[in-house]
Amino acid sequence: MAPSADRIVIENVAIATVDAQDTEYASGHIVVAGNRIESIGAGKAPEGLENVVRRVDGTGHLATPGLVNTHHHFYQWITRGLATDHNLFNWLTALYPTWARIDEQMTYAAAQGSLGMMARGGVTTAMDHHYVFPRGSGDLSGSIIRAASEMGVRFTLARGSMDRSEKDGGLPPDFAVETLEGALAATEETVKKHHDASFDAMTQVAVAPCSPFSVSTELMKQGAELARRLGVRLHTHGSETVEEEKFCHELFGMGPTDYFESTGWLGDDVWMAHCVHMNDSDIAAFARTGTGVAHCPSSNARLAAGIARVPDMLKAGVPVGLGVDGTASNESGELHTELRNALLINRLGAHKEAALNARQALRLGTYGGAQVLGRATQIGSLEAGKLADLVLWKTDGIGHASIADPVTAIVFGAAAPVTLSLVNGRPVVENGRLLHADEDAIARSTREQAQRLARIAAES
Ligand SMILES: [Zn+2]
């Protein structure tokens with residue numbers, strides 16, 4: 001840390017650090033110097049600090065690590081509220097023809113809408129699994145990365161791909177997929193152009209073929225090889241529905257987890273969305289290999305996919321983070337509500353009221369997310385030396401003031417207002433408003449692009 005770094009001092013704030021011991025302070029301080037947390041602890045900040053550019057009185061607030069989203073499809077922001085009463089395969093079949101018409105302008109607007117809604121709700125690290133690249137649609141990856149960088153949010157682009165269309169027994173229409181060679185070359189180019197491996201990286205790229213039912217076995221295998229050659233992470237959808245399990249047995253003669261293992265897709269550099277239909281040996285395989293899970297409770301409920309066995313995964317030692325999933329299957333697009341939904345939905349499963357508690361839910365949305373994105377040494381908990389990605393939740397307003405424990409308040413209670421969020425030491429949200437984007441302009445452009453897409457899809 002340069003001695004001359006600007007400092008932000010936050011005091012009189014309740015703190016849930018989400019460190020390994022779950023250390024909490026009823027009233028403490030956080031000193032941010034440059035883009036790092038310099039010190040954190042009980043009581044007031046050390047005296048005599050130089051270069052203090054801002055002092056924040058955190059009275060009536062809880063400070064937590066910024067939320068980390070581990071699964072999303074930004075482009076779906078402009079196809080929300082459609083096919084609302086469908087299961088996964090019927091929903092996909094209904095929407096693919098529309099999705100196949102997206103272009104750069106639409107993707108950029110949808111990314112702004114997705115990112116803006118998450119940032120306002122305390123997300124400091126976002127991710128986008130983008131896998132629809134219609135021919136001639138422009139620089140979609142570049143437009144998504146630009147939207148994240150303008151908003152000031154830390155970001156992982158999971159560069160997706162599909163090469164198994166209807167003619168090969170897959171679900172997407174033929175015109176919506178890439179070739180094997182085309183997908184691999186474009187993915188490598190995206191990694192080389194945008195991936196930053198440094199400690200304080202704002203942009204990272206992962207290799208992310210879409211799912212077993214839209215991707216050839218060769219693309220799975222060569223995608224894994226590509227990621228390992230380039231030293232980046234791997235992401236895909238796994239074990240989301242019973243139909244997918246059936247599909248894998250029919251096509252590959254084995255279940256999804258065995259299929260992933262056979263294609264090189266289990267490992268501590270891999271994380272998968274959903275993992276709803278996992279038996280004991282699947283969970284053991286994930287734990288043995290360190291494969292991570294992006295748990296998406298609202299989307300799983302919306303598509304009637306089932307309840308992921310999160311308590312069993314955690315007990316086995318599987319890294320688990322939270323995801324909103326694409327907003328065509330989770331119209332809210334907010335991650336702080338997923339803390340509550342993860343807790344509630346898992347209590348409907350086998351472990352009942354012992355499934356998850358408030359602190360475990362907060363850990364899923366912060367440290368767990370950092371783990372599955374491969375960034376647990378840098379973000380996900382509030383500790384000296386880590387990057388200054390943090391949120392001040394207002395807990396003394398009408399929604400939360402009568403709940404004594406602030407962690408219980410923000411997890412069990414309504415989504416708490418965000419008074420301040422810092423990403424890389426820089427304010428991104430203040431008093432619930434985005435600082436680096438015009439929310440009204442985004443509302444207008446997303447509506448326009450949603451209408452444009454609907455029109456183009458209807459004409460084709
Ligand atoms: Zn998804």
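Student: Where is Gln378 placed?
Tutor: Gln378 is in the loop between helix H12 (358–372) and strand S14 (390–394). Helices (H or I, at least four residues) and strands (E, at least two) are DSSP runs, numbered from the N terminus. This is a predicted model: local features need pLDDT of at least 70, side-chain atom pairs count only at pLDDT 80 or more, and totals for chains, interfaces and linings use all residues. Residues are numbered from 1 along each chain as its sequence is written, and side-chain values use heavy atoms, with hydrogens and water left out.

Student: Is Gln378 buried or exposed?
Tutor: Gln378 counts as buried because its relative accessibility is 11%. Buried means under 20% relative accessible area, exposed over 50%, and partly exposed in between (1.4 Å probe, protein chains only).

Student: What is Gln378 in contact with?
Tutor: Leaving aside neighbours within four places in sequence, Gln378 is in contact with Phe199, Lys386 and Leu387. Contact means heavy atoms within 4.5 Å.

Student: And what separates Gln378 from Ala33?
Tutor: Their C-alpha atoms are separated by 15 Å, and along the chain Gln378 and Ala33 are 345 residues apart.

Student: New topic, the metal. Which residues coordinate the zinc ion?
Tutor: The zinc ion is coordinated by His71 (NE2), His73 (NE2), His237 (NE2) and Asp325 (OD), at 2.1 to 2.4 Å. Donors are N, O and S atoms within 2.8 Å of the metal (3.2 Å for Na, K and Ca); water is not among the atoms, so sites may look incomplete.

Student: Why is the site of the zinc ion irregular?
Tutor: The angles among its 4 donor atoms run from 90 to 174 degrees. Four donors count as tetrahedral if all angles lie between 85 and 135 degrees; four count as square planar and six as octahedral if opposite donors are over 155 degrees apart and all others between 65 and 115; anything else is irregular.

Student: What spacing do the donors follow along the chain?
Tutor: The spacing is H-x1-H-x163-H-x87-D. Within it, His73 and His237 link distant parts of the chain, 164 residues apart. His73 is in the loop between strand S6 (67–68) and helix H1 (88–99), and His237 is in strand S10 (residues 234–238).

Student: Are those two buried or exposed?
Tutor: His73 is buried, with a relative accessible area of 2%. His237 is also buried, at 7%.

Student: How many cavities are there?
Tutor: The structure holds 2 cavities of 30 Å³ or more. On a 1 Å grid over the protein atoms alone, a cavity is a set of points where a 1.4 Å probe fits but cannot get out, and a pocket is an open set with protein on both sides within 12 Å along at least five of seven lines; lining residues have an atom within 4 Å of a point. Grid points are joined across faces, edges and corners, and a volume is the space filled by probe spheres set on the points.

Student: What lines the largest cavity?
Tutor: It has 16 lining residues, and Leu88, Trp91, Leu92, Tyr131 and His237 lie nearest its centre. The space in the largest cavity is about 110 Å³. H1 gives the most to this lining, with 4 residues.

Student: What do the buried residues of H1 pack against?
Tutor: They pack against helix H6 (242–252), helix H9 (297–302) and helix H14 (439–459). Among the buried residues of H1 are Leu88, Trp91 and Leu92.

Student: And the second largest cavity?
Tutor: About 40 Å³ of space lies in it, and its lining is His336, Leu339, Trp393, Ile410, Ala415 and Ala416.

Student: What about the largest pocket, what is its volume?
Tutor: The largest pocket has a volume of about 450 Å³. It is lined by 25 residues, and Phe133, Arg159, Glu178, Gly182 and Ala186 are the closest to its centre. Helix H3 (140–151) and helix H4 (180–194) are the elements that give two or more residues to the lining, and H4 gives the most, with 6.

Student: Last one: where is Thr59 found?
Tutor: Thr59 is in the loop between strand S4 (52–57) and strand S5 (61–65). Thr59 is partly exposed, with a relative accessible area of 46%.
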